Amino acid sequence: MSNIVTIIIPNYNNIELLKKTLNSIYKYYNDIKTIVVDNNSKEDVQKIIKCFKNVEFIKLDKNYGFAKAVNEGIKSSDSEFVVLLNNDVEVEKGWLENLLALIKKDEKIFSVSSKMIQYNDRTKIDDAGDEYTILG
């Protein structure tokens with residue numbers, strides 16, 4: 001799966017959340033390529049990154065925000081698919097396989113989204129997908 005998907009994580013500080021995110025990814029997907037794009041954090045993000053294999057690190061010169069960070073990660077990716085994750089996400093077993101199965105189901109599908117459970121209250125759904133059309 002490592003040459004099919006690249007996970008891109010924009011980051012700005014919150015090193016402990018990033019560590020949990022990476023731990024959850026590598027618990028199930030230990031060969032996946034991940035790119036952490038850091039928006040000039042004050043924390044030593046590279047110290048955490050070194051604990052994981054297949055993680056590329058891009059440090060931006062200031063905090064440009066989510067869009068710029070993920071676009072820098074996308075430019076560095078050479079895989080068929082990219083997955084965008086916030087740095088406060090914990091993935092579950094089967095998560096990536098389900099996304100890939102869905103996007104490959106029909107060539108008209110260009111984007112898929114996960115069901116997201118609230119981080120601080122795991123009994124509530126935060127989001128269950130977005131819809132995009134040709135009109136945006």
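User: Which side chain does N87 make a polar contact with, and at what distance?
Analyst: The partner is the side chain of N11, at 2.7 Å. A polar contact is a pair of N or O atoms within 3.5 Å; within protein, one must be able to donate a hydrogen and the other to accept it, and residues adjacent in sequence count only if both atoms are side-chain atoms. This is a predicted model: local features need pLDDT of at least 70, side-chain atom pairs count only at pLDDT 80 or more, and totals for chains, interfaces and linings use all residues. Residues are numbered from 1 along each chain as its sequence is written, and side-chain values use heavy atoms, with hydrogens and water left out.

User: Is N87 buried or exposed?
Analyst: N87 is buried, at 11% relative accessibility. Buried means under 20% relative accessible area, exposed over 50%, partly exposed in between (1.4 Å probe, protein chains only).

User: What does N87 touch, beyond four places in sequence?
Analyst: Its contacts (heavy atoms within 4.5 Å) include I9, P10, N11, Y12 and L17.

User: Where is E92, then?
Analyst: E92 sits in the loop between β4 (81-84) and α4 (95-104). N87 is in the loop between β4 and α4 too. Helices (H or I, at least four residues) and strands (E, at least two) are DSSP runs, numbered from the N terminus.

User: Buried or exposed, that E92?
Analyst: E92 is exposed, with 56% relative accessible area. Leaving aside neighbours within four places, E92 contacts Y28 and Y29.

User: Switching to β4. Which strand does β4 run parallel to?
Analyst: β1, residues 5-11, joined to β4 by 4 bridges. Pairing needs at least two DSSP bridges between two strands. T6 stands opposite V82.

User: Which β4 residues are on the covered face?
Analyst: F81 and V83; V82 and L84 are on the uncovered one.
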